[in-house]
Amino acid sequence: MKTRSLDQVESSQRKAARFVRDVLGDEERAQEIEDESPESYAARKRILIIKNPAQRRIRAMAQPTKAELEDRIEELESENEELRDKLSAISDVLQDDEDEEADDEDEEN
């Protein structure tokens, strides 16, 4: 879904009406577009009207701060340590199973 300001939607609506009138030659449809509310036009075109789309886009693209990155690194290091502990525990269990199988084979021989 696109985001636009109310002014941008109104401008697009005027351009659409002008196109339909001048290029397509459909005066009736152009009048319908002009008579439509900007909110209705936006909904039909799947446009979300927001107060300042440029600011929203800038915030979405903003780079994380150094502190945010450092916090994320700490989180990842902690997750990494937990996963290493789990792998070590799995490895221990597998090693114990292998040792028991080897003991069983030795007893059979």
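A: Arg72 counts as partly exposed, at 41% relative accessibility; here buried means under 20% relative accessible area, exposed over 50% and partly exposed in between, using a 1.4 Å probe and protein chains only. Arg72 and Glu75 both sit in helix 5, 3 residues apart, which is about one turn of the helix. Other charged residues are linked as well: salt bridges with shared partners join Arg21, Glu27 and Glu34 into one network.

Before going further, a word on what you are looking at. This is a predicted model, in which local features need pLDDT of at least 70 and side-chain atom pairs count only at pLDDT 80 or more, while totals for chains, interfaces and linings use all residues. Residues are numbered from 1 along each chain as its sequence is written, and side-chain values use heavy atoms, with hydrogens and water left out.

Side chains of opposite charge can pair when their charged atoms come close. The structure holds 6 salt bridges. One of them pairs Arg21 with Glu34, whose closest N and O atoms are 3.1 Å apart. Arg21 belongs to helix 1 and Glu34 to helix 2 (residues 27-35), so this pair ties together parts that lie 13 residues apart in sequence. Helices here are DSSP runs of H or I with at least four residues, strands are runs of E with at least two, and both are numbered from the N terminus. Both partners are partly exposed, Arg21 at 25% relative accessibility and Glu34 at 39%.

Another pair is Arg44 and Glu36, with 2.9 Å between the closest N and O atoms. Arg44 is partly exposed at 39%, whereas Glu36 is buried, with a relative accessible area of 17%.

Glu34 and Glu36 also lead us to Gln13. Setting aside neighbours within four places in sequence, Gln13 is in contact with Ile33, Glu34, Glu36, Ser37, Pro38 and Tyr41, where contact means heavy atoms within 4.5 Å. Gln13 is part of helix 1, and with a relative accessible area of 7% it is buried.

Pro38 turns up again beside Leu6. Not counting residues up to four places away, Leu6 touches Pro38, Glu39, Ile49 and Ile50. Leu6 lies in helix 1, which covers residues 6-22, and it is partly exposed at 33%.

Phe19 is another residue of helix 1, and it is partly exposed at 46%. Together with Val23 and Leu24, Phe19 makes a nonpolar surface patch of about 320 Å². Patches are built from residues with over 30% relative accessible area and no salt bridge, joining like charges within 9 Å and nonpolar side chains (Val, Leu, Ile, Met, Phe, Trp, Tyr) within 5 Å.

Asp92, Asp96, Asp97, Glu98, Asp99, Glu100 and Glu101 gather in a patch of negative charge on the surface. Glu101 lies in helix 5, which spans residues 66-108.

Arg46 is worth a stop because it is exposed, at 63% relative accessibility. Arg46 is in the loop between helix 3 (38-44) and strand 2 (47-49). Its phi is positive, about 60°, although it is not a glycine. Most residues other than glycine have a negative phi.

Now for the whole chain. Its secondary structure comes to 5 helices and 2 strands, running β-α-α-α-β-α-α from the N terminus on. Of its 109 residues, 15% count as buried. Among contacts between residues at least 6 apart in sequence, 58% join residues at least 24 apart. The accessible surface is about 9,200 Å², with 48% belonging to carbon and sulfur atoms.

Definitions and conventions:
Accessible areas come from the Shrake-Rupley method with a 1.4 Å probe; for residues, only the protein chains shown count as cover. A salt bridge is a side-chain nitrogen of Lys or Arg within 4 Å of a carboxyl oxygen of Asp or Glu. Lys and Arg count as positive and Asp and Glu as negative; His and the chain ends are not counted. The place of a charge is taken as NZ of Lys, CZ of Arg, CG of Asp or CD of Glu.
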